[in-house]
Amino acid sequence: MATERNGSKSLVQRAVITTDPQEAIVEYFVSKQEQRKIKRYPEWDKARVCPATEVIRARRELAQIDEVLREKWTEQQTKRKDMDEHWKEARNQALLLRQSFVKFDQLVRENVEKRERAEQKIKEDHERQEKFKREADELEQKLSHMRGVLDQMKNYTDIYKKYQNYLERVVNETGEFQSINDIFNRYETLVEARQALSDHQDRNLQMLEDKGTEIYHLTEVKSQMLMELDNKLAQLQTGYNRAKAQALRWEAIVSKIKEIAAVKSLELTQVKACCWNIYQQICKRKEIPVKVSSEDVEQQLIQIKRTILELRRIIKVAKRKAREERDSSYRD
């Protein structure tokens with residue numbers, strides 16, 4: 001009776017199922033090898049066991065196996081929940097990265113548009129400066145012409161002064177002029193013409209000075225604007241380089257996540273394939289039909305676990321019976 005109690009206690013020990021598929025396959029083949037080494041006896045030479053005891057033992061083992069399965073099921077649910085949270089976090093990161101790419105593309109487009117507007121404005125300023133230079137050249141030509149006319153009028157005036165006496169004599173001797181007033185009127189007319197020319201020359205000079213001052217101020221303002229645009233362009237280039245470096249870093253993170261996901265997917269596929277092959281081998285050796293789907297990995301693992309527990313129980317029972325028979329042969 002003590003021997004039976006010890007045997008039942010060893011039969012209900014909790015089996016440790018490894019999570020590594022390679023180790024599980026190695027343990028399976030080791031158990032098969034040990035099963036081949038066990039000495040088999042004829043059916044008539046085996047000791048009879050009480051059916052009630054076997055039923056109680058089997059029920060106890062079944063209860064313990066169900067408890068282990070429930071624990072494994074809870075652990076699987078926890079792992080699945082953690083994996084769902086990791087996938088959700090990865091999707092959120094991918095969404096944030098996509099949004100940052102969209103914002104960066106919009107910023108680049110805005111910078112390009114601003115740069116094009118600045119270049120167009122600079123081009124217009126250059127055209128305006130060229131126009132002002134042409135106008136200044138025309139005014140200088142007019143001024144030179146007016147100075148020539150003024151010099152010519154001065155020469156005429158000097159010549160007329162030399163001939164003042166001659167004009168008086170002409171008034172007295174000829175009948176062309178009624179009096180000296182006619183000569184004065186002629187002279188005043190010439191003076192008025194000279195004054196008009198002088199005033200016109202002064203206005204042209206003042207206009208030329210105003211245009212020169214305006215051109216100088218415009219040149220200073222445009223130069224300041226060009227410097228500010230250069231500074232803005234340098235800042236935009238710095239921001240672009242910073243955004244580009246950040247985009248490259250996020251691309252590296254996304255690539256790493258894809259690589260890890262691919263490795264995990266490959267491992268999961270390999271584990272599923274191993275479980276399916278083991279389950280098919282078990283069904284083939286037990287000569288039972290394959291009822292579980294190839295995608296139902298959980299049921300396959302349950303069947304594999306039950307088979308391993310059955311094999312261990314058989315091995316332990318066979319070892320115990322072999323030991324008992326060896327002891328009885330020694331006593332005889």
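**Reading side-chain contacts in a predicted model**

Q: What is the relative accessible area of Arg 115, and how is that value to be read?
A: Arg 115 has a relative accessible area of 47%. A residue counts as buried under 20% and as exposed over 50%, with partly exposed in between. Arg 115 is therefore partly exposed. The model is predicted, and each value discussed here is computed from it.

Q: Which side chain does Arg 115 meet in a salt bridge?
A: To read a salt bridge, one looks for a side-chain nitrogen of Lys or Arg within 4 Å of a carboxyl oxygen of Asp or Glu. In this structure, Arg 115 meets Glu 119, with an N to O distance of 3.4 Å. The two residues are four apart in helix α3, which means that about one helical turn separates them. Glu 119, at 45% relative accessibility, also counts as partly exposed.

Q: How many salt bridges does a search of the whole structure find?
A: The search finds eight. One of them pairs Arg 70 with Glu 67, and their closest N and O atoms lie 2.6 Å apart. Both residues belong to helix α3, which covers residues 51-162, and they too are three residues apart, about one turn of the helix. With relative accessible areas of 48% for Arg 70 and 36% for Glu 67, both partners are partly exposed.

Q: How many aromatic pairs are counted?
A: The count comes to two aromatic pairs. To classify a pair, one reads the distance between the ring centres and the angle between the ring planes. For Phe 104 and Tyr 240, the centres are 5.9 Å apart and the planes meet at 20°. Planes under 30 degrees apart count as stacked, so this pair is stacked.

Q: Where do Phe 104 and Tyr 240 lie?
A: Phe 104 is in helix α3, whereas Tyr 240 is in helix α5, residues 180-286. The pair therefore ties together parts that are 136 residues apart in sequence. Phe 104 is partly exposed at 24%, as is Tyr 240 at 34%.

Q: Which residue lies over the face of Trp 250?
A: A charge over a ring is read from its distance to the ring centre and its angle to the ring normal. Here Arg 249 lies over the face of Trp 250, at 5.2 Å from the ring centre.

Q: How many disulfides does the structure hold?
A: A disulfide is a covalent bond between the sulfur atoms of two cysteines. The structure holds zero disulfides. Cys 274 is in no disulfide, and the nearest cysteine sulfur is that of Cys 275, 6.9 Å away. Cys 275 is likewise in no disulfide. The cut-off for a pair of cysteine sulfur atoms is 2.5 Å.

Q: Are Cys 274 and Cys 275 buried or partly exposed?
A: Cys 274, at 23% relative accessibility, counts as partly exposed. Cys 275, at 8%, counts as buried, because buried means under 20%.

Definitions and conventions
Residues are numbered from 1 along each chain as its sequence is written. This is a predicted model: local features need pLDDT of at least 70, side-chain atom pairs count only at pLDDT 80 or more; totals for chains, interfaces and linings use all residues. Side-chain values use heavy atoms; hydrogens and water are left out. Buried means under 20% relative accessible area, exposed over 50%, partly exposed in between (1.4 Å probe, protein chains only). Rings of Phe, Tyr and Trp (its six-membered ring) pair if their centres lie within 6.5 Å; planes under 30 degrees apart count as stacked, over 60 as edge-to-face and the rest as tilted. A charge sits over a ring if NZ of Lys or CZ of Arg is within 6 Å of the ring centre and within 35 degrees of the ring normal.
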